[in-house]
Amino acid sequence: MSQYSWPEESQRKYIGKSVSRVDGPVKVTGRAKYTQDFNKKGLLYGKLVTCPHAHARVVSVDVSAAEKMPGVKALKVVQGPGKEIHWAGDEVVALAAVSEQVAEDAARAIAIQYEVLPHVVVDETEPPKDIKVASGPVTAEDIEDMFGNQVPLEEIAKALAERGVSTKFTESQLKEYKGYGVPDSIISAMRDAPVREAAAGSKSPYKRTATQQEGDPDAAFQQAATVSEGLYGMPLIAHCCLESHGAVSEWTDPGNLLVRISTQNVSGIAAQMAEPLKVPASSIRVEQQHIGGGFGSKFGPDSWGILSAELSKLAGGAPVKLMLDRRTEQQAAGARPSAYARVRIACDRQGNVTAWDSSSWATGGPTGGGMPPLPYVFKVPAQRKVHTAVLTNTGPARAWRAPNHPQACLITMAALDDAAAKLGMDPLEFFQKNIQLTGPRAKLYAEELNIAAELIGWKQNWHPRTRLTQGHIKRGLGLSLHTWGGRGHESHCDLTIHPDGAVDIKMGTQDLGTGTRTAVLMVAADSLGIPMQQINLYIGDSRYPMSGGSGGSTTIGGVSASTRRAAVDARDQLLAKVAPALKSEPANLEIVDGVVRVKGSTAGGLSWKQACAKIGAMPITVRGNNPDKTKLPDLTNSGVGGVQMADVSVDTETGIVKINKMVAVQDVGLVINEKTAASQVYGALIMGITYSLFEEKVMDPVTGRMLNPNMEFYRLAGLADTGELVVRFMRGPEQDKRGVIGLGEPPVVSPGAAISNAVANAIGVRVPSLPLTPDRVLAALDQPTANATTAGGAL
Amino acid sequence: MRPFEYATPRSREQAVGLLGRNWNESAVLAGGTDLLALMKDDVVAPKRLVNIKQMGNYRDVKVEGNDLRIGALVTMGDLAENPEVAKRFPALHEALWEAASPQIRNVATIGGNLCQRPRCWYFRNGMGLMPKDAGGQSLVLKGDNRYHAVLGNDGPAYFVSPSTVSPVLIAYGARVRIFGAGGPREVALEKFYRVPQSENEREFDLQPNEVVTDVLVPLADVRAGYYEVRQKEAFDWPMASCAVALRMNGNTVQEARIVLGQVAPVPWIATEAAQALAGKSVDEQSAMAAANAALAAAKSLGHNKYKITVAKAAVKRALLNAAGHKQA
């Protein structure tokens, strides 16, 4: 009976240790090829003509001059007359030409007339209070929204029954929803929902999407010893992938397409391209070895990927490179939804949180923005939550590393921090006092809070808001905690041991730069008992066994589990072949440092090569799967906590915030590679500092265009802006036995809240919204309420 | 980028001959760090680029008479590392070091720095330097003006002067030498900058067929200081900067020149602040009084009130730096 469980620490040579990433050398020497790097002979350059208006209707498109230009090989009108455009930067025409210059000349020769329509791009303003809860028919977006917001299933079913739908869901749509994991009760509610007509003329940008209540908040607020109030929020930000979205597509013959695409989802692209291109998915090969950032924005082929293939077809199959320029990338290739909320928190005399009341709003573009999971982590006994989606012309929202969590975390942890200040309590003491509200992970959070406090010097450096640092540089500390799932996704791989001892692994996954290649090799090496360098890993090709998209921190759990099962099975098959030669039973054999031997013996074994020679003429190939209920235990798990603390200095004469130090304490189950795991957390802290201090999509209220679609006034932190970063993992047998859990998202959740709280601690007043730029910091300091005794945000 | 002609003249006379009489006909190419970005973004589309890097030796930094003469083609990087500059003009040295990134400093020239175009985001997005909506109203006033001018902002120009080096050079009393069809001429750098009144005018006193050839900085006995308020530690435009040069009499300021950057469409000479400081020693109090005087006439356009506060800090800190007080 094969042992699939993770090896004990004493049996591991690689797992849990620090190993440098195997693709480091090709990256630092420039040999790594990214999608942008494919410049095959005969390459055609794709170019998009985009709409400059935030909201418009296409009146006419004249491409006649462009089509006649020499060197223009393909042209397609993407959105013709009559089409309504909902954001600036949306493509209207796509073309491909023999050079970038010709493509640009052709783009300029295209004349498009628009009827400009009214737009909404600014979402920070609080929506009117009297918005009615949506009563029109439920749309597909509404359903996705409700799932995103963890609306109870009964409520979703009730909304479907009462509000109906505008068009009946087809059985194939329902099947698709079922495929996404929508439960049967909702599928049947969708099927049974009555068809209702949408009320005409409702053009308000506001849509009340949720009102939820638990317990008796009114009574709790009445009985409260203190009630703190505040306004908190963060704006729309862009993903800023350094490699923009796009693809190089070519028809290698009239029926077969090769797509090199910048993607987080190598195995999932072909199926998404098959229908629009009207070819079987099996005729589409997707390939990508390296990616310059995705952060949640690169799961689909997008219209640009499809267009690259369509233009290639029109051009007789020649490769067409269609990568977004920076302006379009920043405008249209993804935004993290904003979220703002007014929050009231009730506490009793001892500092126990008794009630939560929030009125939130958010946008993620034309369909509005969902309610983040409020209150975050803390299950406050009595709650009332009202949410309004703001429908804007700012471009479409996309998942951004830990969707909805940074928003919920900032709103909750900042509101709790203000509640502590109102009570005159140290927030560390206040969070510890209420830690039971976090549920089953309370003990772990409490422990992490203590470790983080030690690492940042909380006891020595924290001061109440009533006792600020002397001088114009004010120092402050802040804390936050977070959670995430991170269970491994579906993953399959083929592991082959050749009779000459060579080992291959093929897996349709991708390495987002997180160290996936290195982790797979570490797991395989420890499972086979040979050095990592002896194993060849092939990923990034849709012809390899399917492995899930890299999102939601699901990759490490998936790929490590499928690799483990494949390697254990392959090893056991090998041992079965070798056992007779060693005059032993397979179960009595082990492979240590490339030597196959009887367990415990130090002499008389076979080298790996000698052992593999016993396989026979044909190699051993086994498939490893995750999940696999026939090969227990479950090697991956879900649900982590984590605590972060920030130490900042605020210059009250300029409003500039500097990070002195950040501490991240993270539990994540069994760590495969300590080094790349720590890198994930460092990266998350840097990304978190960046969105806390710098990032926002600045939209011009008059023209509706993004004013900073560049890397100049859309600022990203540089190394000198990040301060000292300290990463500490919870390690040991307790964590190891949980199995492997993903780490991409959790550490990016807390920085906004921790930094905002540190700034409030430094200057004695809450800066309501991120990013904490000088204008916002100075405005908060300017408020008449801004003095050392103020607890809450400026209302 | 649109197609263009490319010329590499071998003399300044040739250079001037190749430049057109209108701004859209030609453009001077030196380091190209600003021009190429403007061309790629289709903000400007000159029909001819005149590469002046071989028009003569304008790459030297030399003491000539009572001036330090800096050739217009000296890169910002070379100038920042020049020992003469570091010794005699510490505020200039600092401003150069703080500017842009090493990659840009290694290519960008000092002449180009003085003639760079504003960073106004309406301008850079192709909406014009004095952008207007369909009704003829200023987009800057109706839109997002968080980085726009707080001084000299009565319109129609609301952008801010971008160079961080020019306020320092103005504080030191620098002049620029210009070569045109009529031969060379010299202009005090403070007079070189002007507020354009229409899209067809430039932010400086230069004809389309003239080039800046040298910068002349007088070797005066002044104590100078510089401070820029920047969000990021590196590679970021300041929200305000200030350069000061003080002629001292013992511990007392005899004469002060206080010049602010990024607050007005031109480098802003704060005469009132200089007067407020004359006859005083520089301390926290007098520096703050000077800062208040410098910004007394400032007004917010709606989103940029904070810049008034930030600019005051820049003035105060530049003064304290000049006087040798340590600053954050």
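**Reading strands, helices and an interface**

Mentor: Let us start with strand 16 of chain A and strand 17 (residues 382–390) of chain A, which run parallel and are joined by eight bridges; please keep in mind throughout that this is a predicted model.

Trainee: Which residue of strand 17 of chain A stands opposite Ala362(A)?

Mentor: The residue opposite Ala362(A) is Ala389(A), which lies in strand 17 of chain A. As a general idea, side chains in a regular strand alternate between the two faces of the sheet.

Trainee: How do strand 15 of chain A and strand 16 of chain A run, parallel or antiparallel?

Mentor: Strand 15 (residues 339–347) of chain A and strand 16 of chain A are antiparallel, with eight bridges between them, and within strand 16 of chain A it is Asp357(A) that stands opposite Arg344(A). The two strands form a hairpin with five residues between them, where Gly351(A) takes a positive phi near 95°.

Trainee: How many residues of strand 16 of chain A are buried?

Mentor: Nine of the 10 residues in strand 16 (residues 353–362) of chain A are buried, so this strand is largely enclosed by the rest of the structure.

Trainee: What is the strand order in the open sheet of three strands in chain A?

Mentor: The order is 22-23-24, and the pairing is antiparallel. Strand 22 (589–592) and strand 24 (606–607) of chain A are at the edges with a single partner strand each, so each has one side without a neighbour in the sheet. Strand 23 (residues 595–598) of chain A pairs with strand 24 of chain A over two bridges, and Val595(A) has Ser607(A), in strand 24 of chain A, as its bridge partner.

Trainee: Turning to helices, at what angle do helix 16 of chain A and helix 17 of chain A pack?

Mentor: In general, two packed helices are described by the angle between their axes and the distance between the axes. Here helix 16 (residues 516–528) of chain A and helix 17 (residues 555–578) of chain A pack at about 30°, with their axes 8 Å apart; angles under 35 degrees count as roughly parallel, and the two helices are therefore roughly parallel to each other. Helix 16 of chain A passes helix 17 of chain A in a right-handed crossing, and their contact has nine nonpolar, five polar and two charged residues.

Trainee: Where do the chains meet, and how many residues of chain B are in contact with chain A?

Mentor: The contact involves 22 residues of chain B and 26 residues of chain A. On the side of chain B that touches chain A, helix 14 of chain B gives the largest share, four residues, and that side divides into 11 nonpolar, four polar and seven charged residues.

Trainee: Which residues of helix 22 of chain A meet helix 14 of chain B?

Mentor: Pro774(A), Asp775(A), Leu778(A) and Ala779(A) of helix 22 of chain A meet Tyr306(B), Thr309(B) and Val310(B) of helix 14 of chain B. Helix 22 (residues 774–782) of chain A and helix 14 of chain B pack at about 90°, with axes 9 Å apart, and are therefore roughly perpendicular to each other.

Trainee: Is Pro733(A) buried or exposed?

Mentor: Pro733(A), located in helix 20 (residues 733–736) of chain A, is exposed, with 9 other C-beta atoms within 10 Å. Its C-alpha atom is separated by 8.8 Å from that of Glu8(A), although Pro733(A) and Glu8(A) are 725 residues apart along the chain.

Note on methods
Residues are numbered from 1 along each chain as its sequence is written. Chains are lettered from A and ligands numbered from 1 in the order in which they are written. This is a predicted model: local features need pLDDT of at least 70, side-chain atom pairs count only at pLDDT 80 or more; totals for chains, interfaces and linings use all residues. Axes are lines fitted to C-alpha atoms, for helices over the stretch in contact, and angles run from 0 to 180 degrees between N-to-C directions. Angles under 35 degrees count as roughly parallel, over 145 as roughly antiparallel, 65 to 115 as roughly perpendicular and the rest as oblique. A crossing is left-handed if the near helix is turned anticlockwise from the far one by less than a right angle, and right-handed if clockwise. Ala, Val, Leu, Ile, Met, Phe, Trp, Tyr, Cys and Pro count as nonpolar, Asp, Glu, Lys and Arg as charged, and the others, Gly among them, as polar. Two residues are in contact if their C-beta atoms, placed from the backbone, lie within 7 Å. A residue is buried if 20 or more other C-beta atoms lie within 10 Å of its own, exposed if 12 or fewer, and partly exposed in between; C-beta atoms are placed from the backbone. Two strands pair if DSSP finds at least two bridges between them.
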